[in-house]
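These are my notebook entries on a structure that I went through by topic. The model is shown first, and my look-ups follow.

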Amino acid sequence: MGGSARVEERPSREGRARVASASHARRAVLFLSAALLAGVAVFHFWPESASAEQPSTDKLAPAEPAAPSAHLPAKPARPVVDASGDTPASKADTPPLPSSLEGTEVDGSLDVDDEGHLILSPRVIALFDYFFSAGGEEPDSAIRARIEAYARAHLSAPALDEALDLLGNYVAYRKAGQSLAGLDSAPPRERLTAIQKLRRAHFGDDAEALFGAEERAAEVAIEKSRIAQTPGLDTEERDALFAEAESRLPEAEKQARKEVTQMLTLRADEAILREGGADAATIRRYRESQFGTDAADRLEALDTARAAFKARIEAFKTARAQQCGTPADAQCETALLEKSFDAREQIRVRTILSMQGN
């Protein structure tokens, strides 16, 4: 990569780097690890909708949509993309935004260090991926122009030149990644090695800052798969090997897994309390004891949003039965779905209905 974009090295920046990569690392390992183990040749440009980000205790996200204010704690504001472009400064340079991105928060970021250079981290790639997730709706050339406009609206030299340079390498990398399709049936380790070689061919030493955490997480997933398939190990031996493998995870991923575990524990404990007849006040006291008053407030907001969304789905099912017949006429059902939910909600509703056998 040309220019002199900086990889964070000074100790004072380590915390910021971990925070910056946490969300992306969690999403990356979930998708990449699953794909590697399932025998899919992958490289770094999957759709956002395929990422299935897991809930964490800093967000305590519900299974259904909730208001952004329900995050725990509230995360820093990110630019919200409107229907006409990325930001006011870029509206004149880009076509109308694809429907799948309208009203969404821009994932990732273009961060700059104290000297004005672009900070190389997974968050830059996350931002590129965010825009390229609309690949089925518009050509790559339009997406690249949109990212360039976004960069110009948020950066100045030298970071701007570095970001545009990196974007050029990334576009070439995406195109070259199509060559990995022939590795679908290759062993996971071989596929990961091919991905790593491709990245270093396009990004050089910068590949470690951009993809290193993701790759280490994938390596741990592959190792755990090997351990799970090793004959002759008892439970204690296998658990010890799993723990040793997980000790090599990036710190961001360790924290993400810890948060997921805490969230699952919270939900399990609440289920037991409710089965025992606990009322809302008891659940509230339990949440306060675990996460504090502010967190309990946000959890209640999540519960309210989840209940409201569930009610909307039930109302849709009732209307569908009344208006579309049983089984439902597909055209009628689609029209009612589009009337009842926005584009992003429709995907979630279809998934929920499918899981319910509806």
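Which residues does Phe 128 touch, not counting residues up to four places away in sequence? I worked from a predicted model throughout. I found that Phe 128 is in contact with Ile 147, Ala 163, Leu 166, Leu 167 and Tyr 170.

**Entry on the cores.** I next looked up the largest nonpolar core, which holds 37 residues. Within this core, Phe 128 and Phe 131 touch the most other members. I noted that at least two residues of this core come from each of α2 (122–132), α3 (140–154), α4 (159–176), α5 (188–203) and α6. Another core, of 10 residues, lies apart from it, and its members include Phe 309, Phe 341, Ile 352 and Leu 353.

**Entry on helix α6.** I then checked the length of α6, which runs over residues 206–228. At 1.5 Å a residue, its 23 residues should span 33 Å, and I recorded 33 Å between the end C-alpha atoms, which agrees. I also recorded a kink of about 60° in α6, centred on Gly 212.

**Entry on the disulfide.** I searched the whole structure and found one disulfide. Cys 324 and Cys 332 form this link, with their sulfur atoms 2.0 Å apart. The angle about the S-S bond is -70°, and the link is left-handed. Cys 332, at 22%, is partly exposed.

How values were computed. Residues are numbered from 1 along each chain as its sequence is written. This is a predicted model: local features need pLDDT of at least 70, side-chain atom pairs count only at pLDDT 80 or more; totals for chains, interfaces and linings use all residues. Side-chain values use heavy atoms; hydrogens and water are left out. A disulfide is a pair of cysteine sulfur atoms within 2.5 Å. Buried means under 20% relative accessible area, exposed over 50%, partly exposed in between (1.4 Å probe, protein chains only). Helices (H or I, at least four residues) and strands (E, at least two) are DSSP runs, numbered from the N terminus. The expected span of a helix is 1.5 Å times one less than its number of residues. The bend at a residue is the angle between axes fitted to the seven residues ending there and the seven starting there. A nonpolar core is a set of buried Ala, Val, Leu, Ile, Met, Phe, Trp, Tyr and Cys residues joined through side-chain atoms within 4.5 Å. Contact means heavy atoms within 4.5 Å.
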